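This report describes a protein chain for a reader who is new to structures. Please look at the sequence and the model first, and then follow the text with both in view.

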Amino acid sequence: MPLCEPDKLMFGSVWIGLAHDVVSPHGSTMIETSGVIEREQGNGFYMVTLDKPEGHQCLCRAAGKLTKFRIKLLAGDKVTVEISPYDLTRGRITYRERNMGAPRSGGGHRPGGRRR
């Protein structure tokens, strides 16, 4: 059940529009928005500054698929975050956008490229 109107969220006394609501596999409604990783806090947590609402920071942890496939998260990466409407200071990173400007490695599944 959404906290407020569908596509809106209240911070203090100001209405702020968000990307959209998502229903998690456990049945609860999550708020999905994008942001940028500011720094790694340690123990798998990251401080993320959200795009909407502008400048709001939230402490996030990587989702299971990101850790399963060993997706590296670094400061400055643009990510998609799910936030619970009950606690707006905590979230889960569900997707890291690709950096299109970065050069590709040599290929293969190794971090440094193929072994010759």
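Threonine 49 has glutamine 57 in S6 as its bridge partner in this predicted model. Threonine 49 itself belongs to strand S5. The side chains of threonine 49 and glutamine 57 are also joined by a polar contact of 3.3 Å. Is threonine 49 buried or exposed? Threonine 49 counts as buried because its relative accessible area is 18%, and buried means under 20%. Apart from neighbours within four places in sequence, threonine 49 is in contact with Gly35, Val36, Glu38, Gly55, His56 and Gln57.

**Strand S5 and its partners**

S5 covers residues 45–50, and five of its six residues are buried. Strand S5 pairs with strand S4 (residues 29–42) in the antiparallel sense, over six bridges. In this pairing, leucine 50 of S5 stands opposite glycine 35. S5 is also joined by five bridges to strand S6 (residues 57–62), and these two strands run antiparallel as well.

Both pairings are hairpins, and each has its own turn. S4 and S5 have two residues between them. Asparagine 43 counts as exposed because its relative accessibility is 68%, and the cut-off for exposed is over 50%.

The hairpin of S5 and S6 has six residues between the strands. Glycine 55 takes a positive phi near 85 degrees in this hairpin. The loop between S5 and S6 also holds proline 53. A cis peptide bond joins lysine 52 and proline 53, with omega at about -5 degrees.

Another residue with a positive phi is arginine 70, at about 55 degrees, although arginine 70 is not a glycine. Arginine 70 lies in the loop between helix H1 (64–68) and S7. With a relative accessible area of 69%, arginine 70 is exposed.

The table below lists some of the residues discussed in this report with their relative accessible areas.

| Residue | Relative accessible area | Class |
|---|---|---|
| Cysteine 58 | 1% | buried |
| Cysteine 60 | 0% | buried |
| Threonine 49 | 18% | buried |
| Asparagine 43 | 68% | exposed |
| Arginine 70 | 69% | exposed |

**The cysteines**

How many disulfides does the structure hold? The number is zero. Cysteine 58 is in no disulfide, and the nearest cysteine sulfur, that of cysteine 60, is 3.1 Å away. Cysteine 60 is likewise in no disulfide, with the sulfur of cysteine 58 as the nearest cysteine sulfur at 3.1 Å. Cysteine 58 is buried, with a relative accessible area of 1%, and cysteine 60 is buried, with a value of 0%.

**The nonpolar core**

In soluble globular proteins, nonpolar side chains tend to be buried together. The largest nonpolar core of this model has 15 residues. Which residues have the most contacts inside this core? They are Ile37, Val48, Leu73, Val79, Val81 and Ile93. S4, S5, S6 and strand S7 (78–83) are the elements that give two or more residues to the core.

Valine 79 shows which parts of the chain meet at one residue. Leaving aside neighbours within four places in sequence, valine 79 is in contact with Thr33, Ser34, Gly35, Ile37, Val48, Leu73, Ile93, Tyr95 and Arg96. Gly35 is also among the contacts of threonine 49.

**The chain as a whole**

The chain has one helix and eight strands. Read from the N terminus, its elements follow the order β-β-β-β-β-β-α-β-β. The chain has 116 residues, and 32% of them count as buried. Among contacts with a separation of 6 or more, 42% are between residues 24 or more positions apart. The chain exposes about 8,300 Å², and carbon and sulfur atoms supply 52% of this area.

Notes:
Residues are numbered from 1 along each chain as its sequence is written. This is a predicted model: local features need pLDDT of at least 70, side-chain atom pairs count only at pLDDT 80 or more; totals for chains, interfaces and linings use all residues. Side-chain values use heavy atoms; hydrogens and water are left out. Buried means under 20% relative accessible area, exposed over 50%, partly exposed in between (1.4 Å probe, protein chains only). Helices (H or I, at least four residues) and strands (E, at least two) are DSSP runs, numbered from the N terminus. Two strands pair if DSSP finds at least two bridges between them. A disulfide is a pair of cysteine sulfur atoms within 2.5 Å. A polar contact is a pair of N or O atoms within 3.5 Å; within protein, one must be able to donate a hydrogen and the other to accept it, and residues adjacent in sequence count only if both atoms are side-chain atoms. Contact means heavy atoms within 4.5 Å. A nonpolar core is a set of buried Ala, Val, Leu, Ile, Met, Phe, Trp, Tyr and Cys residues joined through side-chain atoms within 4.5 Å. Accessible areas come from the Shrake-Rupley method with a 1.4 Å probe; for residues, only the protein chains shown count as cover.
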